[in-house]
Amino acid sequence: MSNGSFNRVKSIAKKEVIEFTRDWRTIIAIIVIPILMFPLLFIMFPLLLESEAAELNSIVVDVVIQSEETPDVLIEEFNTSTMNILEENLSNVSPLSEPGDDLERLRSLSVDAILRVEQRDDVWYYAILHISTSESSNEARSRIIEGLIVWENNETQRIISEQGLDVNSTLNPVRWDGDVSQGDVATEGEQAGMVLSLFIPLVLAVWTFSSAIQPSIDMTAGERERGTLEALLSLPCTRNELLLGKWLGVATITGVGVILQIFGLLFAIGYLATSSIIGIPDLSLEAILLIVISIMLFAVMVVALELALAMRSHSVKEAGSILGPAIILIIFPALFTQVINLDGVENFWFAVPVVNVLLALRELLMDRVIVEHIAIWFGTSLLYALMAAYYAAKQFGREDIVTSLS
Amino acid sequence: MTETLMTISNVSKSFGEVEALREISLEINSGEVVGLVGSNGAGKTTLLRLMSGVYKPTSGSVCLDDGTPVDKMRQRLGVVPESTGLYSRLTAWENIRYHSRMHGIDDDDSWNRTSRFAKHLDMLENLGRHTKGFSRGMKQKTALLRALAHGPSVLLLDEPTAGLDITSARTVRALVKQLRDEGGTIVYSTHHLAEAEQVCDRIIIIHNGDIQADGSPAELLEDTNSKNLEEAYVSLTQEKARPRNDDLESEGKFTRWWRRLFTPRTPKTILGDDSSE
């Protein structure tokens, strides 16, 4: 590439980035959302769930116990400040789960749940009636079940003792010896890599594709619709220089978005690591390098393809209606890749478009550097990237791209 | 002796089945303002795009004085398309500088030329403003400054006064005259004969893809034995003007078929008796 050609490509890319960053909506879409997405998902969402659970725990539920003779142990279990217990005689219903006359009481939420208990011979039968569309009714049911479990355990132990047997050895005849976590010889870092490999490739692929849609359309069909493309095409730059400049512009914007998203993800992981929920993955330098290469090849392919499809479209609207649904081409293989078993995975998977990069990322995040697989995904990814670039060059070389519909 | 700056030899241009231009041959000489006059869809914009190298001829050639095809020597051209083509999130100067850099011109040189012409166009104060809020006239002036910033040999202007108010149109015309007086070569597309008469040394009348006449305003009047240019134009273009072919250029066959599938037919009572045509 000559000095003049390089300068023109640089000017195009620079102008695209400047123009794009001057739109505050873009800044929110490309910078703020990626930074906040994972921290919100991993930190705020669990906190929200926690506070919701605490709120549920504190609510007072109305529970009716219907029985001829309610066991005292059970009453004691339910005797808390957050449960209003009303005892009633058991009406003649069979089976106990048949709502009968209690249907309306539950549906109108005048009571949250009804526990029916009946002893027949030596066995206690029970049924819990509730309405699953009500949060307080579900909560009442959960608390009843907790109480029933305690009562059942007490009953089981009592019966075993009465038979003259040792409760512990009867209930737990097979036991784990030692610390359960010691049995897994994978390091914490490897385990973290395994967990992260299940969603990082998916997020990277989807985000790379989706964040490139808007700039790709804006720089191609958008330029044509705004009437700026004709002036640009009459400048002394080749169509390939134009494509390369615009590719660099989109790749820079998308790259910034992906990098920020990864920072957000690492921050969230760091936070979770302090809570011992997940560790930091152990990655060798070569694995990190290969991860970067695989993402770059994927970005070359995706951005070139999106630019080509957007340039092929006659309007911004048409480009949007092509590139929007095209995300399925990424999501479907990405989801499919998650279920492929990496142990003994067949080599051909590393040649399938999109799947190859995602599988590579999964392997590399688990610090598995397998030369044979690397050779296949690198070769095929390079080929697909070149094919996409060739297709984009063909679209940019079309004479009718200048025609403005505006 | 006038020097030929651009030669268009036997150029035809087709879009699918539509022949936009047929066997056009003409020369653009140094220091003249050439007016391309024709109705909508006549082929003016197509010819200008061929001159700027945006389109390639289906047959024939468009070359500069040294025999180089125009698409290989675009740095010698300054182009103002009909749409002006300004980026709204850039300032006027950033728009100009972007094009100058693409032409390989140093920022200082570009600024010196721009500020000189900006004074004439009363635009110096507005160069630092984003073009988003510009009026049509200001946009047109900025596009002109942008096309002039690298010192082109030939300036191609596609309907530069379309949509401008009277004052802005006068300013643009005054600049064109000034450039001509300084020895500039300009190709000026318009469908206003009065404007062409005011500004141009030579008028080329295009109709349905053919050149119907090429000469000075006086020569056109003499050749057609007319009292004024409007009369001359009418006598040269009596055939019905064809529709614009933008749709044919930009729409795929399947897209057109699909659009028509969901378009109800216009009742004959609305179209009248001629609907059977």
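A residue is called buried when its relative accessible area is under 20%, exposed when that area is over 50%, and partly exposed in between, with a 1.4 Å probe and protein chains only. The model is predicted, and local features need pLDDT of at least 70, while side-chain atom pairs count only at pLDDT 80 or more. Residues are numbered from 1 along each chain as its sequence is written, and side-chain values use heavy atoms, with hydrogens and water left out.

Side chains of opposite charge can pair when their charged atoms come close. Such a pair is a salt bridge when a side-chain nitrogen of Lys or Arg lies within 4 Å of a carboxyl oxygen of Asp or Glu, and the structure holds 32 of them over all chains. In one of these, the side chains of A:Asp102 and A:Arg105 meet at 3.0 Å, N to O; A:Arg105, at 23% relative accessibility, counts as partly exposed, whereas A:Asp102, with a relative accessible area of 7%, is buried.

Another salt bridge, also 3.0 Å from N to O, brings together B:Arg49 and A:Glu230. Because B:Arg49 lies in helix α1 (residues 44-52) of chain B and A:Glu230 in helix α10 (residues 229-233) of chain A, the pair joins two chains, where helices are DSSP runs of H or I with at least four residues, numbered from the N terminus. Both B:Arg49 and A:Glu230 are buried.

Within chain B, the closest N and O atoms of the salt bridge between B:Glu182 and B:Arg116 are 3.6 Å apart. Here B:Glu182 is partly exposed at 43% relative accessibility, and B:Arg116 is partly exposed with a relative accessible area of 36%.

Methods:
Chains lettered and ligands numbered in written order.
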